[in-house]
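Student: I'd like a close look at one part of this protein. Could you take me through it slowly?

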Amino acid sequence: MKLLLIEDEQSLRESILTYFSAEGNICELAVDFQSAMEKISLYQYDCILLDLTLPGGEGMEILRELKKLNKKDGVLIISARHSLDDKVDGLNLGADDYLVKPFHLSELQARVVAIVRRKSFDGNSTIVFNEISIDTLAMKVMVNDRVLNLTRKEFDLLVYFTSNQRKVVTKNAIAEHLWGDEIDLSDDFDFIYTHIKNLRKKLIEAGSKDYIKSMYGVGYKFENI
């Protein structure tokens with residue numbers, strides 16, 4: 001998953017980042033209102049973890065901006081404010097869930113996974129595309145009845161392709177989704193080609209058809225032949 005944590009409390013911020021990064025997720029950070037607004041305008045995320053009280057602004061305004069931009073990112077509010085009005089306002093502005101501090105990190109992760117599953121896979125944890133079956137919770141891929149051994153990046157790449165099937169996805173979009181905004185420092189996307197080549201080879205060797213199509217000069221498309 002690609003996550004954005006908008007949180008100014010350092011100890012909590014570091015705990016969340018460590019916890020989610022250890023699971024192989026891409027975790028980006030905004031510590032104040034202005035940096036958060038810049039992030040949401042430039043990038044897309046599977047889920048945004050949003051504190052309501054931020055230096056320089058109010059978290060509710062970030063929700064309004066997401067709505068104005070017609071962004072589809074999942075949003076989980078994490079806040080010490082536990083009034084019913086705050087919860088109702090946040091959910092009415094487009095947040096998917098509201099978690100009151102303090103909380104256990106395991107519960108936070110469960111809430112995030114539930115949001116991403118609802119938004120990306122219609123509530124299902126299993127994605128099926130013809131002979132390919134992907135269990136997003138167990139991180140298990142099968143082609144017909146054969147288990148496919150993928151690296152974490154190959155797995156994330158396959159999930160990204162199947163979530164955007166029949167759409168043209170650019171190399172830049174793939175890079176940002178799998179590596180986060182640090183990829184802005186790179187102007188060489190050859191490593192993406194390498195990951196795609198390896199994924200395609202493993203799929204075909206396991207008995208899958210070749211669904212990954214190169215769109216010359218643009219990117220790739222995942223679709224039926």
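How much space lies in the second largest pocket?

Tutor: Happy to! This is a predicted model, in which local features need pLDDT of at least 70 and side-chain atom pairs pLDDT 80 or more, while totals for chains, interfaces and linings use all residues. Residues are numbered from 1 along each chain as its sequence is written, and side-chain values use heavy atoms, leaving out hydrogens and water.

The second largest pocket holds about 170 Å³ of space. A pocket is an open set of points on a 1 Å grid where a 1.4 Å probe fits, with protein on both sides within 12 Å along at least five of seven lines; lining residues have an atom within 4 Å of a point.

Leu63, Leu66 and Lys67 are among the lining residues, together with Asn70, Lys71, Lys72, Asp73, Val75, Leu93, Gly94 and Lys119. Helix 3 (residues 59-68) gives the largest share of this lining, with 3 residues; helices are DSSP runs (H or I) of at least four residues. Sorted by class, the lining has 5 charged residues (Asp, Glu, Lys or Arg), 4 nonpolar and 2 polar ones.

Charged residues turn up elsewhere too, so let's follow some of them. The structure holds 12 salt bridges, each a side-chain nitrogen of Lys or Arg within 4 Å of a carboxyl oxygen of Asp or Glu. In one of them, Arg111 pairs with Glu107, and their closest N and O atoms are 2.8 Å apart. Both residues lie in helix 5 (residues 105-121), 4 residues apart, about one turn of the helix. Arg111 is partly exposed at 24% relative accessible area, and Glu107 is partly exposed at 32%; this term covers values between buried (under 20%) and exposed (over 50%), with a 1.4 Å probe and protein chains only.

Asp156 and Arg152 are 4 residues apart, about one helical turn. Asp156 counts as buried at 13%, whereas Arg152 is partly exposed at 26%.

Lys153 also lies in helix 6 (residues 152-163). Lys153 is buried yet has no salt bridge, and the nearest side chain of opposite charge, Asp156, is 5.1 Å away. Apart from residues up to four places away in sequence, Lys153 touches Ile26, Leu178, Trp179 and His195, where contact means heavy atoms within 4.5 Å.

Lastly, Glu7, Asp51 and Lys101 are linked in a network of salt bridges.

Note on methods: Grid points are joined across faces, edges and corners, and a volume is the space filled by probe spheres set on the points. Helices (H or I, at least four residues) and strands (E, at least two) are DSSP runs, numbered from the N terminus. Lys and Arg count as positive and Asp and Glu as negative; His and the chain ends are not counted.
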